[in-house]
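Welcome! Please take a look at the sequence and the model below, and then we can walk through a few parts together.

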Amino acid sequence: MPTNAAARALDWAMDKSLVLGYTRLGPRLRRSWWPADPRPACLAGRHVLVTGASGGLGLAAAQQIAALGATVHLLGRKAERLESARTELLAAEPSARVEIAPCDLSDLDAVRGFCADFSARVPELHALVHNAGVLPPERRTTAQGHELTLATHVLGPHLMTALLADNLRGGRVVVVSSGGAYGQKLPVDDLEYTQGDYSGVTAYARTKRMQLVITEQWADRLRGRVSVHSMHPGWADTPGVTESLPGFNKVMGPLLRSPAEGADTVTWLVATDDPIGTGGFWHDRSRRPTHYAPIGVETASQRQRFWEFVVAATGEPLA
Ligand SMILES: NC(=O)c1ccc[n+]([C@@H]2O[C@H](COP(=O)([O-])OP(=O)(O)OC[C@H]3O[C@@H](n4cnc5c(N)ncnc54)[C@H](OP(=O)(O)O)[C@@H]3O)[C@@H](O)[C@H]2O)c1
């Protein structure tokens, strides 16, 4: 948070107004008081795995992280898209070290296979960025029969975090959630979204709420081993927003952040030397509340039921 009282009040008002805080105005104003940039080359010799890095925020984050010296591993479903992303990244950062990592995160068997190979090849991983995201137009299920947003945003990331936890010792996990989480409660009675009319926007926002909860649960279980944080990027102009929310993109177009502005806090969380602890939810380099009001805050027993569901679905207790 800014130390100056006036800046603190402005920052709070921007956050609550959404339009001021979430659009490109957010970083432009907050830049004057937010914490220092990571040191140049601070990630030299480190490895960082970014999911959903074939475009949008993931590719922007990967480029920023590579510019700080890390070898970046770009994960996405399609090898051709990842090759194009690597070419684009290298055009901007010719000395970057970039590997591609094809894997469908929503397929738990594919995640197991990928992690077995990756953990042997990259024994020390500085950071894992869970950025991959989807907003499907209708209810879809995965190879294991899970609802697609649940599998992509929660189950696949949980399995990957558990399987790479030893490689991440002393490192960081960053979860790219969404301000949409503020509008949803943890849906413990219907985590697979089988009841009522399905809405992709609701499924997306519910699973973004789940990401905030599971970030805290991972942070508790990995305390002293891996630091874990979630963040939201505001509203950024990406292929995902253009395809899934064309109306929003049309209205907000000129006000949307660039992918680099949206990705800034991801890179900062991966690279900063500041004492940021673990288990935080961040936006524009400041810690934020996970709920705007005390109503709808999940209880300990709801959180426990959610955790037990995730462990049963993935077979990984993250001991
Ligand atoms: N843009 C915004 O304004 C905004 C706002 C709030 C939160 N976010 C969050 O930011 C993240 C990135 O969003 P974006 O706007 O950059 O989205 P995007 O342009 O749609 O990019 C999504 C990325 O996720 C990958 N992906 C999707 N499903 C995958 C799967 N099953 N396995 C592996 N990779 C998968 C896609 O790659 P392939 O299709 O090639 O597999 C792509 O690289 C998402 O988590 C989103 O919820 C974005």
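How are H7 and H12 oriented to each other: roughly parallel or roughly perpendicular? H7 and H12 are roughly perpendicular to each other, a term for angles of 65 to 115 degrees.

This is a predicted model, where local features need pLDDT of at least 70 and side-chain atom pairs count only at pLDDT 80 or more, while totals for chains, interfaces and linings use all residues. Residues are numbered from 1 along each chain as its sequence is written, and side-chain values use heavy atoms, without hydrogens and water.

Helix H7 (residues 148-164) packs against helix H12 (residues 300-314) at about 75 degrees, with the axes 10 Å apart. In contact (heavy atoms within 4.5 Å), Leu150, Val154, Leu155, His158 and Leu159 of H7 meet residues of H12, including Phe306 and Trp307.

Now for strand S2 (residues 71-76), where 6 of 6 residues are buried, meaning under 20% relative accessible area with a 1.4 Å probe, protein chains only. Thr71, His73 and Leu75 cover one side, and Val72, Leu74 and Gly76 lie on the other.

S2 pairs with two strands, and pairing needs at least two DSSP bridges:

| Strand pair | Direction | Bridges |
|---|---|---|
| S1 (residues 47-51) and S2 | parallel | 5 bridges |
| S2 and S3 (residues 97-102) | parallel | 6 bridges |

From S2, the chain passes through helix H5 (residues 79-92) to S3 in a right-handed β-α-β crossover, that is, clockwise from the first strand over the helix to the second with the strands pointing away from the viewer.

Key
Buried < 20%, exposed > 50% of the residue type's maximum accessible area, 1.4 Å probe, protein only. Helix = DSSP H or I, 4+ residues; strand = E, 2+ residues; numbered from the N terminus. Axes fitted to C-alpha atoms, helices over the stretch in contact; angles between N-to-C directions. Parallel < 35°, antiparallel > 145°, perpendicular 65-115°, else oblique.
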